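Keep the viewer open as you read.

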Amino acid sequence: MHQPEYRWTRISGGPRLAVATLPQSECAALSIHIPAGSRDEDGLPAGLAHFVEHMVFKGTKRRGAKEISFDIENCGGQINACTSEDQTVYDARAEAGNLEILADVLCDMVWNPVFPEPEIDLERDVIAEEITMYRESPSDHIGDMISAALWGSHPLGNAISGNHRSIARIRRPHLTDFVSRHHFRDDLVIAAAGNFTLEEVLETIRPHVPEGFHAGFPALPFDPASITPGNLREERGSDQLQLALAWHAPGRHSEMRHALRVLSILLGESSSSRLFLELREERGLCYQISTDVTFLHETGAFEISAGLAHDAREESLDCIFRHIRHLCMHEPSEEETERAKRIAISQSKIAFESTAAHASWAGESMLDLDRVPHPAEWREKILGVSRAGILEAARLVFDGKTHAVAEIS
């Protein structure tokens, strides 16, 4: 795939439009990025943003639920959505000549949902089953538990899908108010990728974008000093112990974010990482051990998770904290640093083989950074991470810091 060209503009009186022009792409990808998610539910039922995401598929002023699916799939396309802590994304993709269809359906869903009452109750049952499904999978549910342990009473501590009690409280006015408040924000982003220019996409999308956008609303900020990470444990009589640890980390605007990405890879994200090699390969204490770093606007999280035999808990924790102490005292070797950076670069290049990944990059970059850097710029930042920078990042996150713990046994 030829090098993409990223450009953006603001639609008059409305949101921003970002386009990745891919001269040889045979596909079109379109996404609408709403800068609101579960962290925007302060004072509202947990799971509301996720409930809205489900319900916009249930019909608009022009289409029923079947028509939404059929209009996309009749041209061989796909449509999807997802909710995170700080954004909701609606996306569609199809062959290159179908951008008009994608724009018509996606914009109709996002800006014209009708939330029919019978569908609300039906979808409440569907979401309840989704919550049950993840709760009954310890390796999935541990993620919600560690969030609750790390973020406490802040909305970031809530499960994105909510819980059975919270979704039972959601009524139609909650849904319509959330859409009015967040789907018409002028800081949302429309993103597209494919063999077309910014001007061509603007001409296609403009007739489908409504008038009357307003300024966005800031989410409840998080102050790490206001929350002490806690410990949560569930006893299930499981054959395996699910264990998660988490620390507060800097947000996505921190200069330390690239070093933290490399730190995560060399500590536990790959099969050549320190934790994988010792806990799994050398000691046989687990099948799965991993690390991850999440960046939000003003804060973030560094997490370690593992599935262990119950009698391997103490030995595993000793190994984990020994490696953390070592990373806080010594620079990593040049060999493992360079390997981790190569893994990060390779993962980035592999991901960008997808047209949809370019649309996602354009949309999220505009949402987070108010510009669309070329992926090569990010890769250069990764290549510039030094061993001393990784040591500094480890000390920033781990040294003297209280961590959260979640366990399912």
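Predicted model: local features only at pLDDT ≥ 70, side-chain atom pairs only at ≥ 80, totals over all residues.

Residues are numbered from 1 along each chain as its sequence is written, and side-chain values use heavy atoms, with hydrogens and water left out.

Searching the whole structure turns up 7 aromatic pairs. (Rings of Phe, Tyr and Trp, the last by its six-membered ring, pair if their centres lie within 6.5 Å; planes under 30 degrees apart are stacked, over 60 edge-to-face, and the rest tilted.) Take Trp 111 and Phe 213: the ring centres are 5.9 Å apart and the planes sit at 85°, so this pair is edge-to-face. Trp 111 belongs to helix H3 (residues 99-111) and Phe 213 to the loop between helix H8 (198-205) and strand S7 (231-234), so the pair ties together parts 102 residues apart in sequence. (Helices, H or I with at least four residues, and strands, E with at least two, are DSSP runs numbered from the N terminus.) Trp 111 counts as buried at 6% relative accessibility, and Phe 213 does at 14%. (Buried is under 20% relative accessible area, exposed over 50%, partly exposed in between, with a 1.4 Å probe and protein chains only.)

Phe 213 also pairs with Phe 184, this time tilted, at 6.0 Å centre to centre and 45° between the planes. Phe 184 is buried too. Elsewhere, ring pairs join Trp 247, Phe 302, Phe 321 and Phe 398 into a cluster.

Now for the pockets. (On a 1 Å grid over the protein atoms alone, a pocket is an open set of points where a 1.4 Å probe fits, with protein on both sides within 12 Å along at least five of seven lines; lining residues have an atom within 4 Å of a point. Points are joined across faces, edges and corners, and the volume is the space filled by probe spheres set on them.) It has 45 lining residues, with Ser 360, Trp 361, Glu 364, Ser 365 and Asp 368 closest to its centre. H13 gives the largest share of that lining, 9 residues.

The second largest pocket has a volume of about 1200 Å³. Among its 43 lining residues, Asp 140, Gly 143, Asp 144, Ala 159 and Ile 160 are closest to the centre. Here H5 gives the most, with 11 residues.
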